[in-house]
Amino acid sequence: MSKVSEEQVRADVRAWLAANWDSEMSLVTWRNKLADSGWGMPQWPEAWYGRGLPVRLARVVEEEFAAVGAVSVAKSGVRLLAAATLLEHGSDPQKKNFLRRILTGEDTWCQLFSEPGSGSDLAGATTRADLNGDHWVVNGQKVWTTSAHHADHGLLLARTDWDAPKHEGLSYFVIDIKQPGVDVQPLKQMNGHASFNQVFFTDAIVPAENLVGGVGDGWKVAMTTLAHERRGADGLSTPSKRGTRVGRIHAEERAELETANQPYKWYPQRAGRVDLIIERARETGTNRDPHVRQEIAKLMILAKSAEWTARRARAAQQQGRPQGPEGSLGKLAASHVARACAHVHTLITGAEAMLTGSGSPREGIIAEILVSVPATSIAGGTDEIQRNIISERVLGLPKEPRFDTGPFRNVRRN
Amino acid sequence: MSASSETKAEPGRRIQFAFTNEQEQFRSALRRFLNDKSPTTEVRRLMATAEGYDPAVWRQLSDELAIPGIHIPEQYGGAGFGMVELCIVTEELGRALFCGPYFSTAVLAANAILNAGSEAQKSNLLPAVASGARLATLAVTELNGNWDPAGIETVATPDAGGYRLDGVKSYVVDGHVADLLIVAARLPKTVGREGLALFTLSADANGVERRLLESMDPTRKLARIDFRGAHADLLGNLDTGAAPLIRTLDQAAIALANEMMGGAQAMLDSAVDYTKVRVQFGREIGSFQAIKHKCADMLLDVELSKSSAYCAAQACAVNDPEWPALACLAKAAASETYLHTAAECIQIHGGIGFTWDNDTHLWFKRAKSSEVFLGQPSYHRELLMQRWGV
């Protein structure tokens, strides 16, 4: 990578935007220009729709896009996790086939990892892929798949060797979702929403060239996907203030985001809505109850401490210090905050907490909090798994004895 | 309530969420000193004495690390740092369970003089405090155990160019060894927050009777002090009322929260170390999820409460308008966390954790007394709600 200065990058991107940005263009036309020029993903390699810039300079590009209100490449959903995984482990034909349409937003992706029988123990997947001449035949079931109902491609983790140890018998594929052997069914949750899907495979076909990495490399490749998921896909933020902009391209982008964000509508409620607590206490008059005051204070102390812990982690990172324990605790802290919120919302709401729907407090938002919070301590790694990770990786405690070694065929499973 | 951490204080001075390299170096130097001079064998030796500290080590801490005056401006003989450095000191002292008159002299008395004193009084009183030569303390609480200054009953009656103190103070930290007493009292016939002021007098003045109390935490000595017509001087003036006292107590709550986090970290470390060496059922107990999860929860608890203790110190240092509320928040959080962590440390040690020979109870007792010292968590939570206007 050649050394480029910030000033140079800023001048280049400005000139390019001045010559090319047009809010009346179609979204796909514009994003094809971004892919061709490399300005859409400047931190990607030059050979693959990028400019090979360090993340620091990619942020400069992002600032210049924001300054003129230019639309970015498509970033919603798991598409950038797919892209990052393909960039690292994919073959050149795979990159050629998939990356451009990821960036233009023409293709939507989903992640087919979790199964009914393997939740926390992801490597225990039993969906199978068997090689038959020039293609793989897939049978099994995946679950908790966001966006599968409108996805074009899936990132599939499947077992290809039952005699190898658990982690070594998995392979990673790109599978076409829109084929007869794939049946996508919505999964209705306890809060009434259906943000996820169950995906059933019955002799579904994956061409041999869609194997990502080698046979048996599936766990390693999946770790790349998950690492990018934890890192927030590309490490860059997506520009805000989309709502007000005028022009064909902005309207198209809003429609795209509305579809992409549909599954996440209840997510603020899942986190507990600490922001509503004090207003609700005032509007119900419970702010005068000494017990409620104590419980509110406990919750706010927890929520503020969690927020400041995240800021400490960020500050240490910005100073280039090695990550301290404060950086590993966010998810577990969020679970505690959510649970405490549900407790205090109930305390404040009283009998009305027995109601739901538009006639219940805050047009049903409070009820939605109460029935959504249980997801927080499960989704993306249960609290129990988080505690295992923290105690083993941060505190250095010894691992538990294992019972899942040897050929996977012989390992007890659901 | 406002989002405290977003509030901009004085221009260019914002709450920092990381310590500077200089602050980290200072912490390391202090920790080395305390590892050397304050091992638990020394803690146990000193806690059994009436004085409760080693004057030679106190002198060394003062001379080599200048900690009694760390936060006192240079013009009064101090090192000229601020609240953040003061809290680094208390955190390290709390971690080592250091036995010495620091909280009384530097945290309570020095801040009271800085907050209330006239220019002449600060110049007169602070240099000897900053150098560690003169021990001092602040007497607020009385037999009723009320930390709200409104509950003060000790009366200061104007008399011959000064004041005459009558009343009984209790739970006075290091009150048995302090040379200089700063006493919170009220003018005759006043109630509530009205008529409150701070007064100074020498501990050996006529009409002062001091008695060492038997404290559950023997590493923090407490005294009862009876005043019967003792002659005292007004610190500062009467116009400021209770404000300097309240400010001092808020600063002390922050310093105590940080001290408690040092102790909590020591308890967490001790518990985790033990789970790696103790073997039961043929494996280290740290390999059992019941223990792992307990340790992970302890770590979470400690890190969260540390964040509030650090944030409160930083907010106070930059005079963020939210800092008094954060003092309550940090004290309440630290109280719960320290006690819980110490109790869990005993639990993880099992039977041996309940013995006198095991060191854990030393921190447990500090945790228990600190939980109540300067006000229980419920008191601070209520104060937090009031300060946030809920």
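# A quick tour of chains A and B

Chain A splits into three pieces in its domain assignment: domain 1 (6–75 + 242–263), domain 2 (92–231) and domain 3 (266–380). Keep in mind that this is a predicted model. Chain B gets a domain assignment too, with domain 1 (14–134), domain 2 (137–235) and domain 3 (243–387).

**Chain A as a whole**

- If you count up the secondary structure of chain A, you get 13 helices and eight strands.
- Picture a box of roughly 70 × 60 × 45 Å along the principal axes: that is what the C-alpha atoms of chain A fill.
- Take the contacts in chain A between residues at least 6 apart in sequence: 72% of them join residues at least 24 apart.
- The centres of domain 1 and domain 3 of chain A, taken over C-alpha atoms, are separated by 35 Å.

**The nonpolar cores**

- Here's a handy background idea: in soluble globular proteins, nonpolar side chains tend to be buried together.
- In this model, the largest nonpolar core has 169 residues. The residues with the most contacts inside this core are A:Cys341, B:Val183, B:Phe199, B:Ile254, B:Ala312 and B:Ala330.
- Which helix gives the most to this core? That would be α7(B), with 17 residues.
- Zoom in on B:Ala312 and leave out residues up to four places away in sequence: B:Ala312 then touches B:Ile254, B:Ala257, B:Trp323, B:Leu326, B:Ala327, B:Leu329 and B:Ala330.
- Another core, of 60 residues, lies apart from the largest one, and its members include A:Val78, A:Ala151, A:Tyr172 and A:Ala222.

**Where chain B meets chain A**

- On the chain B side, 32 residues are in contact with 36 residues of chain A.
- Four helices of chain B each supply at least two residues of the side that touches chain A: α7 (243–277), α8 (289–317), α9 (323–349) and α11 (377–387).
- The helix that gives the most to this side of chain B is α8(B), with 13 residues.
- Sorted by class, the side of chain B that touches chain A has 16 nonpolar, 10 polar and six charged residues.

**Domains 2 and 3 of chain B**

- Between the centres of domain 2 and domain 3 of chain B, taken over C-alpha atoms, there are 29 Å.
- How many residues of domain 2 of chain B are in contact with domain 3 of chain B? There are 11, and they meet 12 residues of domain 3.
- The side of domain 2 that touches domain 3 in chain B has seven nonpolar, two polar and two charged residues.

- A:Leu226 sits in helix α6 (residues 218–231) of chain A.
- Why is A:Leu226 called partly exposed? Because 16 other C-beta atoms lie within 10 Å of its own, whereas a buried residue has 20 or more and an exposed one 12 or fewer.
- Although A:Leu226 and A:Leu81 are 145 residues apart along the chain, their C-alpha atoms are separated by 8.0 Å.
- A:Glu392 belongs to helix α13 (residues 383–394) of chain A. With 17 other C-beta atoms within 10 Å, A:Glu392 is partly exposed.
- Not counting residues up to four places away in sequence, A:Glu392 touches A:Leu397 and A:Lys399.

Technical notes
Residues numbered from 1 in each chain as written. Chains lettered and ligands numbered in written order. Predicted model: local features only at pLDDT ≥ 70, side-chain atom pairs only at ≥ 80, totals over all residues. Contact = placed C-beta atoms within 7 Å. Nonpolar A, V, L, I, M, F, W, Y, C, P; charged D, E, K, R; others polar. Core = buried A, V, L, I, M, F, W, Y, C linked by C-beta atoms within 7 Å. Domains from an automatic or database assignment.
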